[in-house]
Amino acid sequence: MSETNTLEDLAQLQSESDAPAAERVYERKVDAQGRAYATGKRKDAVARVWVKQGPGNITVNGKDHATYFARPVLQMILKQPLVTAAREGQIDVVCTVSGGGLSGQAGAVRHGISKALTHFEPELRSVLKKAGFLTRDARTVERKKYGRAKARRSFQFSKR
């Protein structure tokens, strides 16, 4: 290892380390049937999502997404990655989701669709990342503590 004795030596080392870093290249990850797979999570819900080229059908646990997620807000959450990537009506989504409630399940499916889309078409990563769909929302319910009614609520106080 060479020694650095002067400021010029340090400047030379700095200029060598400032070389532009190679931009990370993401590869297309699809199986033999042309499907991309990803797992999405939100709260206690876990979604397994497969994405492939097709007419735009979205199936959740064997049912149509509009039947499974009856509330329009949840359907909108589900379609956000496809609308943002301008792939609505071009990609079929098949997923199984378990755990949590309907809101958490919709968030898990959205996260899974976003990740699967990046495996299917790596050039969509920057668009989905900018929209915040690739970030796992780590917020979960706080656990119940002993000596408390719930996580933070105390039992009702009575002087008697």
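**Entry 1: a loop arginine.** I started with Arg87, which lies in the loop between helix 3 and strand 5. Helices here are DSSP runs of H or I with at least four residues, strands are runs of E with at least two, and both are numbered from the N terminus. Before going further, I noted that this is a predicted model, where local features need pLDDT of at least 70, side-chain atom pairs count only at pLDDT 80 or more, and totals for chains, interfaces and linings use all residues. Residues are numbered from 1 along each chain as its sequence is written, and side-chain values use heavy atoms, with hydrogens and water left out.

Is Arg87 buried or exposed? Arg87 counts as buried because its relative accessibility is 19%; the cut-offs are under 20% relative accessible area for buried, over 50% for exposed, and partly exposed in between (1.4 Å probe, protein chains only).

Which residues does Arg87 touch? Leaving aside residues up to four places away in sequence, I found Leu82, Glu121 and Leu124, with contact meaning heavy atoms within 4.5 Å. I also looked at the side chain of Arg87 and found one of its polar atoms 3.0 Å from the backbone oxygen of Ala85.

**Entry 2: the neighbouring alanine.** Ala86 is found in the loop between helix 3 (72–84) and strand 5. Ala86 is not a glycine, yet I read a positive phi of about 55° for it.

**Entry 3: the hairpin.** Next I followed strand 1 (residues 36–42) and strand 2 (residues 45–53), which run antiparallel and are joined by 7 bridges. Two strands pair if DSSP finds at least two bridges between them. Strand 1 and strand 2 form a hairpin with 2 residues between them, and Arg42 stands opposite Ala45 in strand 2.

What did I find in the turn? Lys43 sits there with a positive phi of about 50°, although Lys43 is not a glycine. Lys43 counts as partly exposed because its relative accessibility is 41%.

**Entry 4: the other partner of strand 2.** How many bridges join strand 2 to strand 5? I noted 8, with strand 5 (residues 91–98) running antiparallel to strand 2. In this pairing, Lys52 stands opposite Asp92 in strand 5.

**Entry 5: a helix 1 leucine.** Last, I turned to Leu10, which lies in helix 1 (residues 7–17). Leu10 counts as partly exposed because its relative accessibility is 45%.

Key. Polar contact = N/O pair within 3.5 Å; in protein donor to acceptor, adjacent residues only side chain to side chain.
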